[in-house]
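Please look over the sequence and the fold shown here before reading on. The paragraphs after it lead through the structure one part at a time.

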Amino acid sequence: MTHQNTPRAWLRRNGGPDCVLLLDVTVSPCPGLRVSVPARLRYHRADPYAVHLDCHVDLEEPITWLFARELLVEGLEGWAGIGDVTIRRSSADGDLLAIALSTPGQTAVLHTPAGPVGEFLELTHRVVPAGTEHLLLDAGGLLRRILAEAVGPEKYE
């Protein structure tokens, strides 16, 4: 971990994501080698079920993974996920969270301290309490956007 202090989550004001956590994750591209990667967790009330994980935030275009907030919650307590993203406490160090990100033929396992991730999740639940996410969804607007993309905005309107 390259941070001098423990990473802290914060609530953002004035646009952008509602909650943010900057952190360094470590990746082992091969046995015996650990690489630190700057990353960020973001939560937006406009997408209340999801968490965004941006890796390589030092690049012009970070690599972003999107997964369920509940998956992150469950991963703090035990093994969670069966698809492209699985989350669990690290078997080597229970204070670390292991986030496995898979694409066809490749899997990267990111390790990061579990404490700050828990703090981040607490903030997201202050913004949108669990079980109330559906109240923030604009199902009609989503359907209009999907239809507009499928048939073209001029034909839909």
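**Around helix α1**

In this predicted model, the buried residues of helix α1 pack against strands β3 (33-43), β4 (50-55), β5, β6 (85-89) and β7 (96-103), and against helix α2 (114-127). Helix α1 itself spans residues 69-77, and its buried residues are Arg69, Leu71, Leu72, Gly75 and Leu76. These residues lie on the same side of α1, because they cover an arc of only 160° around the helix axis.

Strand β5, which is one of the elements that the buried residues of α1 pack against, runs over residues 63-68 and includes Leu66. With a relative accessibility of 51%, Leu66 counts as exposed, because the cut-off for that class is over 50%.

A disulfide is a covalent bond between the sulfur atoms of two cysteines. The structure holds 0 disulfides.

The protein chain averages a pLDDT of 81, and 85% of the residues score at least 70. Over residues 1-6, by contrast, pLDDT stays under 50, and for this stretch the model has 10 contacts beyond four places in sequence.

Key
Residues are numbered from 1 along each chain as its sequence is written. This is a predicted model: local features need pLDDT of at least 70, side-chain atom pairs count only at pLDDT 80 or more; totals for chains, interfaces and linings use all residues. Side-chain values use heavy atoms; hydrogens and water are left out. pLDDT is the predictor's confidence in each residue, from 0 to 100. Contact means heavy atoms within 4.5 Å. A disulfide is a pair of cysteine sulfur atoms within 2.5 Å. Helices (H or I, at least four residues) and strands (E, at least two) are DSSP runs, numbered from the N terminus. Buried means under 20% relative accessible area, exposed over 50%, partly exposed in between (1.4 Å probe, protein chains only). The arc is that of the directions from the helix axis to the C-beta atoms.
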